[in-house]
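Hi there,

Here is the structure I promised to pass on to you. Please open it beside this message, and then read on for what turned up.

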Amino acid sequence: MPSKLCDYEILYLIGSGSYGKCLKVRRKSDSKILVWKDMDYGSMTEPEKQQLVSEVNLLRELKHKYIVRYHDRIIDRSKSRLYLIMEYCAGGDLASLITKCRKDRSFLDEETILKIFSQLLLALQACHGQRRRNGNQGKVLHRDLKPANVFLDENNDVKLGDFGLARVLHHDTSFAKTFVGTPYYMSPEQMNKVQYNDKSDIWSLGCLIYELCALVPPFTAPNQKLLAVKIKEGQFRRIPSKYSNDLQECIASMLNLTSTLRPSLEDIMGSLMLRKYVKEYS
Ligand SMILES: CNC(=O)c1c(C)[nH]c(/C=C2\C(=O)Nc3ccc(Cl)cc32)c1C
């Protein structure tokens, strides 16, 4: 039986992003704490609404301990709004964690980074292993890996969220409108408008792990034009010296300008540096 908005008690706003607003809610039937994300689909074309439906159906199928769990959806046609009822992640998002580390001038321990790294690899492996239905063959690619889309639960375990909804909700595939904010993690192939592929997720993951280490993205610029130049040049500073050469070399391999030369998820998971973490968190 689909739930209704009145089945939930709104507690407070916990975040808003390119997709809409995130509210912490309590389910009245069992007092379970959840989150609802409300999204306005009013200005979408029919094909985009179909795409949104397929993305939500995909979310329903993605059941994995390191992926934000989808619970339900509520459609309010009178307001053209879609409400996704999702798992509550008490630790918030990695963007807030990075901001706090910068403010406190404190770097994360390598152990913490490798835990997050290995859990994200396991989450992405589950996505890439998930096959799209309805004729859309091919892997489920995240397409929007960034610190604001990675959450932590009460045990500081990773919860990967938001699969392509940001892309759908911007219902404009042009570069300028596809991304809200500066696309720091955009891969060279995306800059060159070449087909997004699984190695593009590897690039974005490399950028994310780099930023967890350095507390800044590997490529920064005052505007998107100069950022594109920086990304295509592919030059970036070493992560802080407190981090191992193994971690530096792994990130550098993920930021290879040639997507086919980047390691696969399995290559990274099988590396000497990560294999014990992957085993522990599998
Ligand atoms: C300041 N906000 C937070 O600390 C925070 C907390 C405690 N949780 C969240 C966000 C989510 C959360 O807790 N569950 C979610 C499921 C999907 C999406 Cl896209 C976001 C969330 C946030 C942004």
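Predicted model: local features only at pLDDT ≥ 70, side-chain atom pairs only at ≥ 80, totals over all residues.

The protein has eleven helices and eight strands. It counts 282 residues, and 49% of these are buried. Its accessible surface is about 13800 Å², with carbon and sulfur atoms accounting for 51%. If you take the contacts between residues at least 6 apart in sequence, 62% of them join residues at least 24 apart.

Now to the ligand. Which residues are closest to it? They are Ile14, Lys37, Glu87, Cys89 and Phe151, out of 14 residues that surround the ligand. Sorted by class, this shell consists of nine nonpolar, one polar and four charged residues. Strand 3 (33-40), strand 5 (81-87) and strand 6 (92-93) each contribute at least two residues to the shell.

At Ile14, a backbone N or O atom is 2.8 Å from a nitrogen atom of the ligand. Glu87 has a polar backbone atom that also lies 2.8 Å from a nitrogen atom of the ligand. At Cys89, a polar backbone atom is 2.7 Å from an oxygen atom of the ligand. As for cover, the ligand on its own exposes 520 Å², and the protein buries 82% of that.

Strand 7 (residues 150-152) is joined to strand 8 by three bridges in the antiparallel sense. Phe151, one of the residues closest to the ligand, has Lys159 in strand 8 as its bridge partner.

A polar atom of the Gln190 side chain lies 3.0 Å from the backbone nitrogen of Ser187.

That is the tour from my side. I would be glad to hear your thoughts once you have had a look.

Best wishes

Key
Residues numbered from 1 in each chain as written. Heavy atoms only, no water. Near = heavy atom within 4 Å. Polar contact = N/O pair within 3.5 Å; in protein donor to acceptor, adjacent residues only side chain to side chain. Areas by Shrake-Rupley, 256 points an atom, 1.4 Å probe, with all protein chains shown as cover. Helix = DSSP H or I, 4+ residues; strand = E, 2+ residues; numbered from the N terminus. Nonpolar A, V, L, I, M, F, W, Y, C, P; charged D, E, K, R; others polar. Pairing = 2+ DSSP bridges. Buried < 20%, exposed > 50% of the residue type's maximum accessible area, 1.4 Å probe, protein only. Contact = heavy atoms within 4.5 Å.
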